[in-house]
Amino acid sequence: MKWVLVLMVICATTVGDVFRSLGMRQHGEIHDFRPGAIGSAVGMVARNSFVIISTCAMAVSFFSFMKLVSIAPMSFAVPMSAAAFIPETLLARVLLKEAVDWRRWAGVVLILIGVVFITQ
């Protein structure tokens with residue numbers, strides 16, 4: 001059960017973050033900060049299908065993580081949740097076409113090494 005929850009947290013967090021990025025890219029930057037304009041921007045973002053999917057995925061991630069910390073030590077659950085950075089970085093590069101320099105790849109490798117240590 002513990003590993004199913006870890007997988008759910010990682011997958012849901014990854015989907016949530018990638019879809020949030022897609023949704024906000026689709027919406028664009030907010031330049032007008034008057035109260036009416038902010039309300040309008042919030043309404044547009046709230047109707048964005050990518051943002052809706054992101055919000056649902058992050059809810060799954062949150063509740064999966066809450067269940068995980070109820071059955072596993074926090075010293076296991078928190079570092080394992082950091083494993084979401086691995087597929088997120090890969091998808092940022094491949095799907096979002098972001099430039100990922102060697103320092104970020106080195107960070108991903110260090111996270112991977114840390115996750116491997118935690119699983120032992």
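This is a short tour of a predicted model, from the whole fold down to single side chains.

**Whole chain.** Start with everything shown as a cartoon. You will find six helices and zero strands. The C-alpha atoms fill a box of roughly 55 × 35 × 20 Å along the principal axes. Of the contacts with a separation of 6 or more, 76% join residues 24 or more positions apart.

**Core.** Next, select Leu-5, Val-6, Ile-10, Leu-68, Ala-72, Phe-76, Ala-77, Met-80, Ala-83, Ala-84 and Val-115. These 11 residues form the largest nonpolar core. Helices α1 (2-27) and α4 (74-81) are the elements that each give two or more residues to this core. Across the protein, buried residues make up 28% of the 120 residues.

**Surface.** Switch to a surface view.

**Salt bridges.** The whole structure holds three salt bridges.

- Select Asp-17 and Arg-20. Their side chains meet at 3.0 Å, N to O. The two residues sit three apart in helix α1, so about one helical turn separates them.
- Select Arg-25 and Glu-98. This salt bridge spans 2.6 Å, N to O. Arg-25 lies in helix α1 and Glu-98 in the loop between α5 (85-94) and α6 (102-119), 73 residues apart.
- Select Arg-103 and Asp-101. Here too the side chains meet in a salt bridge, at 2.6 Å, N to O. Arg-103 is exposed, at 55% relative accessibility. Asp-101 is partly exposed, at 29%.

Notes: Residues numbered from 1 in each chain as written. Predicted model: local features only at pLDDT ≥ 70, side-chain atom pairs only at ≥ 80, totals over all residues. Heavy atoms only, no water. Core = buried A, V, L, I, M, F, W, Y, C linked by side-chain atoms within 4.5 Å. Buried < 20%, exposed > 50% of the residue type's maximum accessible area, 1.4 Å probe, protein only. Helix = DSSP H or I, 4+ residues; strand = E, 2+ residues; numbered from the N terminus. Contact = heavy atoms within 4.5 Å. Salt bridge = Lys/Arg side-chain N within 4 Å of Asp/Glu carboxyl O.
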